[in-house]
Structure formats: C-alpha cells, structure tokens
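Q: I would like to learn how to read a few features of a structure. Can we go through them one at a time?

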Amino acid sequence: MNPLHKLFAVVTLTLLALTAFAAEPVLRFWMVGAGLEDTELYTRLGREFEKTEHVKVEFTPLPWGSFKMKYLVSMAAGLPPDIGVTNNGGPYDYGVVGGVIDLRKEFPDRVRELESRYQPKTLPLASVGDRLCGVPFDTTTPAIYYRTDTFKKLGLSPPKTVADLNHALDVLDGAGYMTLFEFPGAAQWSLPMYTMPFGKVSIHLDAKGNPTVDWLDPQYQDAIVEALNLWWMHNSPGSNLNGSGTGVFGSDEMGTATPVYITATGAFAQLHRTRPDLDGKWAMTTWPKASNGRSYNIMAGTAAVIFRDSHLKKEAFDWLMYLTSLPVQHEIILDHLHRGENSDFFFSTIVQNYAPENDSFWNNTPEIKPDLELVKAFKEIVASYDTQQGVQGSEDAAPLESNLLDSIGAYIQGRLQDMAAKHQLSRSEYVKAFGQGKYGEEHEQIEREIRDKVASGYREITPRAMAILLKARDEGAEYARVVAHMSEAESAVDALKVAKWCAFLIFLGGVAFVFSKPANRAKLISYALVAPPMVLALVFVFVPAAVALYLSFTHYNPVLPLSAAEWTGDSNYRDIFKSGELPKSLTHTFYYTVVTVPTGIVISLVFAYLLNAKLRAQRWWRFLYFSPMVTGVVSVALIFSLLFLDSKLGWINAVLLKLHLVKDPILFLSSEKTFLPCVMALAIWQGLAFTILIFLAGLQQIPQEMYEAAEVDGAGEIRRFWNIAVPGLRPQVFFVTVLGCIGGLQVFDTIYTLAGKSGGASARFGPNDAGQTVVPLLYHYGFETFEMGKSSAVAYVLFLLILILTLVQLRVYKRGEV
Amino acid sequence: MRRTRGEMFRTYLLLSLGGVLMAFPFYFMIITSFKPKAEVQQVTPTFFPHHWTVEPYQELARDGKVYQAAANSVIIAMLSTIGTMFVCTLAGYAFAKHRFAGRDFFFVVLLATMMIPGAVLLIPSFLLFRDLGWLDTWAPLIVPGLGGAFGVFLARQFISSIPDSLIESARLEGASELRIIFRIIFPLSKALLATLGILSFLGSWNSFLGPLIILLTESRYTLPLVVALLQGRFADRQNVEMAGAMVSIIPVLILFFFFQRQVVASLANTGLKE
C-alpha cells in the first residue's frame, strides 16, 4: 500500500466514522431566534422529557437572518430536523411544498387535544387549505416604555392613540430628546400594527381565493404614511445599536437621552435587572389605538412544524404536546424571567395561560407583578387574535414593499438633512425645531412628499407584486401535483443522473484511451498520478457546470425531486433582466468595483513605495500591513459591523462626532446610502495587503540605478515615486485591476455579515437591498426563494462576465502591451 | 533605495499613520473582548477598558460552540492541506516530468476549470452533494478541492525546475517511480509544499459560503459559521462577539507572525493565478 492509498483510506474512514457518529437516534429540535439561554432551557426540558419518553432531544438554535435557508436546505437535502420552530409563515411555506406533515392527517386521534390548547382563530395561519401544517409557538407584541420622570416634566400623558404618540414624540423632539423604535422600526413585518386596525392586509387572498394586495387602498396608504412619520420624522439614535436600547433609555444626558423606547414586550424584565436605579422612573403601555379606535398588537411570532422526512414523528408530536402543556409553559415563562441581564418575556398563545383559573400563577410571580398590565393585554390579544392563511409567493413579493419603505426612509432623511443644511442646522436640531412648531410649512411640505412617494411607489410595485403572486399560484398548483406523486418523481430520470452517466462514460473513455494502446499502458503510473485532479475536475466542476447550464433553463424548487424541474426556455434569463434585479445587482457591483479598485490601488502604491524603503523592524511593519490578508473575512466583517454601529455607540461615529466632522451620527449600516460604502471600506482595508504585496514584488524589479540616476538629476522623493515607481508598476496595476474586477463580481461574505444575515430578522442584503451585488442575488434566488433556475441563470451571466475579463487580460498579455 | 533623513522621517510618519488605521479594527477587537457587559452597553464607548475581564471568554465556553467549531476547522483544514499537498505534487510531477499521450490536453482541460468561478457551481454542487449523500458532512469541504488546478499548476512550475538529470540517474539506478517521488521530488519541493499547504490551509480555514450551505448539524459547523452566528446568539453582547473573533483570528495571526516569509511568498504566488 503506498502512502497515497493510506491517506485516502484514512480520509474515507474518518468521514465514515463521522457519519456513523451522527446516526445515533435523537429527536432533532431546531428553533429560530434562540439564544444561549434558550439552548440551556430546551436542553434541560429535553432531559426531563427523556426520563419519561426515552428520547434524547438535541437542540439547535437558528438565527433570524438565515433560518429559512437552513430549513429549506435541510428539507431539500432530506435531512431536516424532526421538529422545528420557524417564523409564522413557516407552516404554510413548507406545507405547500410538502416538506412538513399535516398534523390532522398524521395524528387524527390526538390532534384534537393539541388544537384545544389554541384559540381557533390562531390556527389558519398554520394551515394550508384544510391541512394543519403546524401550530403557533410564541408571539411578539410591541410595547412602549416611557420615562415617567421626563413625561411628567414635559406634561405628557401615556399615549393612548397613534395621534397621541405622534404628539408626544413631537414634544420630546422639541425638548431635544430622542425616540427609539427598536424592533417595530422600519421593519416590514410590523406593518400590521398600523394597517390591521383598518382591516387592511398587505398581501392576502380575496373572497374568491385569488391573491391580492391592499397597497393601493387609500386607507392602507394612510396607515403607512403614519408609520413612516413615526419612524423617520422624529429624532432617533438609529436602529442599529447592537442591543443597547436599555442603555439609551436609561441615559439622562441630552443628545443620547431617549425617554421613549418602543420594543418587543420583553424589555421590562431586562430593565428591572440592568437598571435597578431606574425603577419607579418608567412605565409601560401597550401599542396605541389607530384613529378609528381599534388596535392590533401582533408584531410577529413563531410556529412549530414536524417534517415529512422525520423518522421520529410520533416522538416529535409528543414533544410538541409536552412543550404546550401548562406546567412546561410556566417553566418556560419563568425561565425567561430569570435570565438576569438577559431576561425577557415569553408570550405564548396557549389560551390556558390567560384563563381566569390561571391568574394565581401571574399574581404569585413577583417578577411579573410590576407588569400585570401586560398580562391583561395578552389576555385581550389572545382572545381577539385573528389570523388567515398564507399566500403562495408572498415571500418573494413582500421584499418589494420593504425595499420601497427603506428607500422612502432614506429619502426622508436626505430631505431633512438638506433642509437642515439650508438653515445651517444639523438634522437633529432641525427636527427639534419642528417639535417646537417652527418651519411648519416645510414640515407639511415634506409630509406631502412622503404621501406622494408612498402613492407613486405602491403604484409602481403593485403590478410587479401581482405578477409574482399569480405566477407563484400556478407554481403552487404544480407543486401540489408533484407532492401528490412524490415517489414517482423521486425515481424519475433527472438531469443530474444524465450528467453523471455522461461523466462516467467520459471516465470510461479515458480509461479505454489509456489501456487501448500498449504505449499508453506503459505509462500507467503517469495516468494514475494525474487521474485524481482530472476526476475531481470532471465530477466537481464540469458535471455541476453542465447541470447549472441545464437548470438555468428550468424552473426548479429543490425541496422537490430534481425530475420535477420544468423546462421553461430562456424565461429565467428574461426574468432576471426584466424584473430589474440583475441590472440592479450589476449596478451595485459596478459602483463597488469602481470605488474599491482605484482607491485600493492608489493607497497601495503609496504604502508599497514606503514599505520598499530600508526600514527598521521591517518584519513588524510588514506584519502590520499584511495581517488582514490572513484573517477570515467573516471575523473582520463582524468587527466592522460593530465599528459601524449607529449613534455614538459605534466607535467610528464617536470619533467623527468628537472631531466635529459630522453633526449627526451617520446611520452607517441602517441607511441604504451608506451601507455599500461601509462594505467598500472593509474591502479596501482588507484588500490593501494583497495589492501592496504585488506592488512590492514589482518595485523590487525596478533597477536601483534608475532611482539613483533620478537622484543625480535632482528628483525629490515625490518625483521619484511618480516618475519611476508608478510607471514601473504598470503591469502590476493592470493585473490588480483585473483581479479586483473579478473579485468585485464575486463579493459575498462581507455583505452577508454586514447585512446581519447571521443575526437580525432583516432578510435582505442591506437596507433596500443596497448591498445586493451579483453573488448575493445568486444566493438569494438559490437559497432564500429557492428558484434554482433563476439562480443558475445569474451564475451563467456571472461566468460570462468573468470569462470576458479573463480573455481581455490574456489578450493584453499576449500582445505584450503591459 | 537610499532616502535622506527627512525622507525617512516622512516615511516612518506616513507608515505609522497607515499602521494605526490598519491596526484599528484589531485593537477594537482585542479591547472589546476583555470588557464586561455593562461597559459595552454604555452609551459612551470607552477606548480602553475600565475593568479588564475574561468573562466574554467564559460565556463562549458556556456556549461551547466556538471551541468545538475551532477543533472542527482544524481537522478539516489539516485534511485538506495534507491531501492537497499530495494530490497536487504528484500530478504536478507527472505533468512536469513524464511524457504521455494527452498530457498537454489534460493540462489545458484542468486549467480551464480555473475560468469557472465557484459561485457558478454553487447550486449544482449542492444538488450533486445531495445526490452523493454528502450534505451535512465534511466531505464536500475537503474532497473537491484536493486537486485544484491552481495547485497542480504551481506544482508543475516548481517541479519543472528540478533538473531532469537527477531523476534520470535515479531511474538508471533502478529506482521505482514511488521511490523517485518520495526520495527526490518531495525532499526537493519543500518550498512548493509550504506554498500549497499555506494556501490550502488559509482557504479552508476562512471559507464561508460552502460550509454555510452544506453543514446543517451545529456540532459539525466550522469556525467562520459559528463566528457569524455570534451576531444572533449574543446579539447584545459585543464583548462575546469579539472574543469569538479573537478565537478565529489570533491563532492565524500568531502563525503568520512566525512564518511570515513563507506565507507572504505563497500569497504572492496567487499573483500567477490569472
């Protein structure tokens, strides 16, 4: 056995061992948005459950930003967890493609007991037709925390209506205070709070069961204008504060003092513990009523589903019954309250929790006492909570609305900034003046502009959304057909099988080529040595490339078998151009490249020239300048995401404010105008090292005599740099430019991380998708909306662009132009 | 080149200014990772910790995921590195020193794979791995990259410069191919092996998109995945997030400091790539 074989054997055995290790039967339970404390809680509950049911529970927390990808990928892979907690839309979205089971069909005898734990109107959201594809898990409702001391000082009373709230915020603005909209800020999933009191739903099914949107309804638009006013026309410390909401709420220092803190219910538990000094200085009130006197208190929530490919469905159902039983519910609620500085409130919609016979639990829990008001609100919410079924395609259509609202937000900020500049004020001073009743005409003018923007924006996106929804409805029907005949589809011939056979034939051809001629046979060892990379290239590059080309002409959802891919001709290519998504991504990419490449080159030229000098401690200098080259992009992006925090909580803002370079803190990552520039700053910082390295190598090839000759001619350092070093580096500059363009086309990791995809619930690539370049778009289609066809079409356009760049480069090198 | 004293002063000044900007993010990471929670939540940030604490690292240990992921990443990177060194050197040797029918054709076909960007293969590779039952295993992170075209290209370039006479005389003495490979090629290719090793180690250690899509079970996650996840898991705890970044960055930086010359030379090689 030669060492090579030994190595392969070791690798194979290791991989096999790992697979075997994973095969141990356990109930896999995934949960979106869970933190460290949740992991500990559900692991503990799992151990309790194991004692009676003899099933081990393995808990995995998923981040809000990418949970959809994880669930869909795991379903596509046929390796889903047994039971999972998803967003509210999960049961519908996964039910449609047959990824999760119908609880009624699977557990006809026991489902009634489970259903009885819920208020019937909460179940449609978790249904597809008559199928019950999941049950609600928890719910989030907005709460307004306000500083009673400040309110008293300003003569304000707790806001009972949205108009009250707007007025209170005006008064606070006028006095120089700020308002923090934490979760329900510019988040699209909070829109029901504004529109539902009027019975308007963003995307829904009409009476005939056809998908429709309320976007053009004047009342809907009024509610949206109201929301935009609340979000953007007041002074705010920004929305990207990395959880320092309690910090600014507790601050009394003008400039950061934020006496109104609008967030999810749970914050009170944390406030009591982190800021005991504030006890008695604040109170909480529920979300105010709309102008018609009605209110709607649901922001968002989660739901639990059981997956079709699970082998432990019965155990999963038992676990669900266990978690929704009253004693365990109490345990969960108490655990959430007892998390010290990270305490929060677990608001589940299990009706028994709020039944009169259960009052003693609330009354006898000291931690909850100051907030019994909230429990009262929950009672009302649960009793009146009304939901309706999801709409196929709403996942794809909804971002149109969020992006529109983002862009209007950016517009308002820009307008305020410009108008403020006219009066030689900062934005916050200008808004303060609004609060004091000054510049009333301008205020009205901006409000009118918002109204117009809303009207024209919705006019533009409505037909696009309707097209998406109608197409999705047809696809849904197609999915239903495939789901009904799943096993046939699974065994049918598909493109990958064909490609694999072709690859196998090519491989056989290669083997035949080697063995057919005695001359070749004599060289067997040579062929054996080059075989591994050739086979790897065939299997892992050429086969996938061919399949991608095929897929780019089909419509395919990977949760279904590949044979369900449907030939649609060039419609994907037309779609990605016509929908404007690809041109938008290319524009972003172009912008990114045009800034980062030249800037990087200019800075690198200077520093390469400087580093080329005979330096003391050269090793250290090079270490300093080259270290970004070896550090992982993700870690670096995580660091930058904190440096770029809003308000003066972020170091960069703090420095800029201190140096009086800016009047108002920049909303780096939460504004569409500055998001991509932040990504660029990171890219330039990290890319310098490699460019400097290439330039240094080039500088060392420039003969020393040239500098000396120039020195004799009396050329100073700047002239030597400009006349000798820079022209001498022409080939390197060309090379780095091409490489930079290719790199710019492929940027992904930094955008993903800076957009907070591993954290927050923003499911997009930056505000208004400002960071959506080509690869993020490819990823979005491939692993977020699961349109593998479109994704492959984007991939081929990308391939073409890179091919062109490479050919240009080869051409230039051949001609010897550089 | 010679520079006057004034010019040297200016050089050091500019380099120091640039150095401050280059080191700034690292400084932030180190400082923040030793701050207590109360201090990172303060409204006015402190540029130097008032209280030093290792609490964030203890929190990380309580979660346990980062350290496990670090171990996973080490295993994956080691397997990729060793595998790449073997596969690329052997193939590079054959391409450089053997004569066989179809050699140039094979080499061109292999180089052609460099034209296809990884992103193009994302979707179909995913489907292929699913078909092979490789999803949620480490195989897709190790196997496809073993015989990368660029590595083979580097190996061929390097081994071409080993004199034929050495190999010929060994052959005349009756040495088998294996003997030639292990007694002549490998010992003479230390710089090549270092380059292949360093490039493949860094590539594997820092790769993100592949593991993001392929790995489903948390206990198999790699370090970049878990570091990215800190954003959600420790949403309001900058100090813990930065402690996680430290775990992923510092070991590599230390290695880089000691093997700076080799690493820089290796990375400069990627300049040949296009």
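This is a predicted model: local features need pLDDT of at least 70, side-chain atom pairs count only at pLDDT 80 or more; totals for chains, interfaces and linings use all residues.

Q: Is strand β1 of chain A, residues 27-32, enclosed or open?
A: A residue counts as buried if 20 or more other C-beta atoms lie within 10 Å of its own. In β1(A), 6 of the 6 residues are buried, so the strand is largely enclosed by the rest of the structure.

Q: Which way do the side chains of β1(A) point?
A: In a regular strand the side chains alternate between the two faces of the sheet. Here A:Leu27, A:Phe29 and A:Met31 point one way, while A:Arg28, A:Trp30 and A:Val32 point the other way. Both sets are buried.

Q: In what sense do β1(A) and β2(A), residues 57-62, pair?
A: The pairing is parallel, over 6 bridges, and A:Val32 stands opposite A:Leu62.

Q: Over how many bridges do β1(A) and β3(A), residues 83-87, pair?
A: They pair over 3 bridges, in the parallel sense.

Q: Turning to chain B, how many helices and strands does it have?
A: Chain B has 15 helices and 0 strands.

Q: Why is chain B described as more spread out than a compact globule?
A: The globule rule gives 19 Å for 274 residues; the radius of gyration of chain B is 23 Å, well over that, so the chain is more spread out. Its C-alpha trace spans about 75 × 65 × 35 Å along the principal axes. Of its 274 residues, 52% count as buried.

Key:
Residues are numbered from 1 along each chain as its sequence is written. Chains are lettered from A and ligands numbered from 1 in the order in which they are written. Helices (H or I, at least four residues) and strands (E, at least two) are DSSP runs, numbered from the N terminus. The radius of gyration is taken over C-alpha atoms; the globule rule is 2.2 Å times the number of residues to the power 0.38. A residue is buried if 20 or more other C-beta atoms lie within 10 Å of its own, exposed if 12 or fewer, and partly exposed in between; C-beta atoms are placed from the backbone. Two strands pair if DSSP finds at least two bridges between them.
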